[in-house]
Amino acid sequence: MTGSASVEHTPRRALVVGASRGIGLGLVQVLLARGWQVTATVRDSARTPQALSDLREQHDNALEIMELDLAQSPAGLAASLGPRALNLLVISAGIMGPDHQRAEQASRDEVGELFDLNAMAPLRLARALLPAMAPESVIGFLSSRMGSVSLNDSGDRELYRASKAALNSLTRGFAVNEAIPAGVGVLNLHPGWVQTDMGGDDAPVTVEQSVTGLVSVLEGALGRVEQRFVDFEGQTLTW
Ligand code: NDP
């Protein structure tokens, strides 16, 4: 089936991981505006940013805020969600990692933290939450064009690139062996180069432009049980 017709008229529930700022926060805003029921996670709920608290006030029962440090076990979060409850899971949390000129200047701890957070943790979380995904739902991983091996023509940020390439590789196996057989689509998303704390002020794409595009891409993928590597304008990227 093509999906959108049947999905559109049912209540839709999304979980956005890493929603304290940047792209994650923007995704929550757009999803709420489009009528989604949203669970947003932050690392420390005692330090929930004002922007998210304001959204909760504006949208009453439609926004729930939960705590999740991506570096920790996702078992508690997984247990709190009912089976087949989510139509959308978006894992936005990520880090740039150490700012070394060359990869080998990074310590083992720095490499471990970067690869664990950007590649292993999203996989761990998606696996733990797969039973909570509804049929024809979508899991979106915030990857990056920089994680494409074929499109790497500058080689800067070696370790960050490699961590996103690792995310792409790990989630490919997850999609083929687990998500797709369970009826769940997977998107590896490039958000553009975006004006966030990570992207910096020189980035050409605003958060609003990026997240509006990303939500359209995610909504358009509901009911399409496949994996794609795609940017915020819907263009397919090579791996
Ligand atoms: P930001 O640096 O603005 O925000 C990062 C988010 O990740 C924050 O909400 C932060 O939470 C959260 N986070 C970091 N570590 C953890 C953790 N251990 N547990 C839970 N949450 C954590 O990044 P962006 O919004 O710009 O990026 C979002 C995603 O998009 C990332 O995966 C990034 O790699 C990717 N991306 C971004 C691009 C850009 O140009 N901005 C380009 C390509 C990809 P806290 O506030 O608690 O630190």
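Predicted model: local features only at pLDDT ≥ 70, side-chain atom pairs only at ≥ 80, totals over all residues.
1. Length. Helix H2 runs over residues 22-33. At 1.5 Å a residue, its 12 residues should span 16 Å. The end C-alpha atoms lie 17 Å apart, which agrees.

2. Burial. Of the 12 residues of H2, 10 are buried, so the helix is largely enclosed by the rest of the structure. The buried set is Gly22, Ile23, Gly24, Leu25, Gly26, Leu27, Val28, Gln29, Val30 and Leu31.

3. Geometry with H7. The axes of H2 and H7 come within 9 Å and cross at roughly 60°. That angle makes H2 oblique to H7. The crossing is right-handed.

4. Residues in the H2–H7 contact. H2 contributes Gly22, Ile23, Gly26, Leu27, Val30 and Leu31. From H7 come Val207, Glu208, Ser210, Val211, Thr212, Leu214 and Val215. By class, the contact of H2 with H7 has 8 nonpolar, 4 polar and 1 charged residues.

5. Spacing. An α-helix has 3.6 residues a turn, so residues three or four places apart point the same way. The H2 side of the contact can be read with this in mind: Gly22, Ile23, Gly26, Leu27, Val30 and Leu31.

6. After the helix. H2 is followed by glycine 35. The phi of this glycine is positive, near 90°.

Definitions and conventions:
Residues numbered from 1 in each chain as written. Helix = DSSP H or I, 4+ residues; strand = E, 2+ residues; numbered from the N terminus. Expected span 1.5 Å × (residues − 1). Buried ≥ 20, exposed ≤ 12 C-beta atoms within 10 Å, placed from the backbone. Axes fitted to C-alpha atoms, helices over the stretch in contact; angles between N-to-C directions. Parallel < 35°, antiparallel > 145°, perpendicular 65-115°, else oblique. Left-handed = near helix turned anticlockwise from the far one by under 90°. Contact = placed C-beta atoms within 7 Å. Nonpolar A, V, L, I, M, F, W, Y, C, P; charged D, E, K, R; others polar.
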